[in-house]
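Here is a guided walk through one protein structure. Take a moment with the sequence and the 3D view before reading on.

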Amino acid sequence: MPIIAPSFLASNFLKLADEVNMVNTSEAEWLHLDVMDGRFVPNISFGLPVIAAIRKATKKICDVHLMIEEPGKYAEAFKNAGADNLCVHIEACPHLHRNIQQIKSLGMKAGVAVNPHTPISLLSDIIHEVDLVNLMSVNPGFGGQKFITYTYEKIRQLRKLINERKPGILIEIDGGVTLDNVAEIVAAGTDVLVAGSTVFEAKDPVAVIKQLKEA
Ligand code: DX5
Ligand code: ZN
């Protein structure tokens with residue numbers, strides 16, 4: 001069964017403690033935390049102090065997705081804020097190998113995120129160094145967007161690359177995951193499902209998390 005990672009971008013920030021407690025009581029294993037800088041993506045979300053507060057309220061894995069330029073400048077600060085996984089964008093990292101080594105040397109799991117237009121083949125010389133690939137199934141920057149269906153093909157390509165090079169690396173799908181497309185996303189070879197609006201806009205988020213997991 002896939003790991004479920006509710007994305008707090010879609011949560012109610014006025015009730016953050018309740019939202020974290022909801023995830024704590026659910027079958028979700030990870031909390032997905034989207035950091036945006038208004039430069040790499042055309043939006044600004046939340047950052048270090050918010051993640052540090054969430055960290056104190058949960059024992060689950062904090063999966064931090066950095067949609068920022070120069071992520072290397074902030075890796076240690078995110079470690080100190082409580083990140084377990086730190087994911088940087090390949091498009092933002094001219095020295096990606098160095099970024100990955102830095103994240104691992106700080107004791108975090110290292111993730112690389114790829115935009116919808118970025119070919120899977122660009123991962124071929126770095127894949128064996130990472131713990132996790134975040135395959136964006138929408139253009140990063142906003143929640144509530146429509147799943148880009150070409151992602152199915154990219155999941156299959158990435159699964160093949162991982163099987164050939166280093167089985168065990170996790171494939172995470174981020175954006176537009178719904179109860180309607182989840183079964184096909186998992187069947188294509190996904191390990192981790194990020195879901196923002198599908199979870200936090202639901203009447204019964206705990207039940208939806210269970211449905212996503214069992215789809
Ligand atoms: C988008 C973020 C996603 C977002 C997903 O840039 O990386 O994690 O929160 O939101 P939904 O699930 O609503 O598409
Ligand atoms: Zn994300």
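The paragraphs below go from the overall fold to the cores and then to the pockets.

This is a predicted model, where local features need pLDDT of at least 70, side-chain atom pairs count only at pLDDT 80 or more, and totals for chains, interfaces and linings use all residues. Residues are numbered from 1 along each chain as its sequence is written, chains are lettered from A and ligands numbered from 1 in the order in which they are written, and side-chain values use heavy atoms, without hydrogens and water.

Start with the whole chain. It has eight helices and eight strands. These are DSSP runs numbered from the N terminus: helices are H or I with at least four residues, strands E with at least two. The C-alpha trace spans about 45 × 35 × 30 Å along its principal axes. Of the 215 residues, 54% are buried, meaning under 20% relative accessible area with a 1.4 Å probe, protein chains only. Now take contacts, that is, heavy atoms within 4.5 Å. Among those between residues at least 6 apart in sequence, 64% join residues at least 24 apart.

Next, the interior. A nonpolar core is a set of buried Ala, Val, Leu, Ile, Met, Phe, Trp, Tyr and Cys residues joined through side-chain atoms within 4.5 Å. The largest one has 60 residues. Phe8, Val64, Leu86, Leu123 and Leu158 have the most contacts inside it. Helix 5 (residues 151-165) gives the most to this core, with five residues. Look at Leu123. Leaving out residues up to four places away in sequence, Leu123 touches Ile90, Val112, Val114, Val133, Leu158 and Leu161. Another core of six residues lies apart from the largest one. Ile3, Ala5, Trp30 and Leu132 are among its members.

Finally, the pockets. On a 1 Å grid over the protein atoms alone, a pocket is an open set of points where a 1.4 Å probe fits, with protein on both sides within 12 Å along at least five of seven lines; lining residues have an atom within 4 Å of a point. The largest pocket holds about 300 Å³ of space. Its lining has 26 residues, and Phe142, Gly143, Gly144, Gly175 and Gly176 are the closest to its centre. Strand 2 (30-36), strand 3 (61-67), strand 8 (192-195) and helix 7 (197-200) each give two or more residues to this lining. The second largest pocket has a volume of about 150 Å³. Its lining includes Glu70, Cys93, His95 and Arg98.

Notes: Points joined across faces, edges and corners; volume = space filled by probe spheres on them. Buried < 20%, exposed > 50% of the residue type's maximum accessible area, 1.4 Å probe, protein only.
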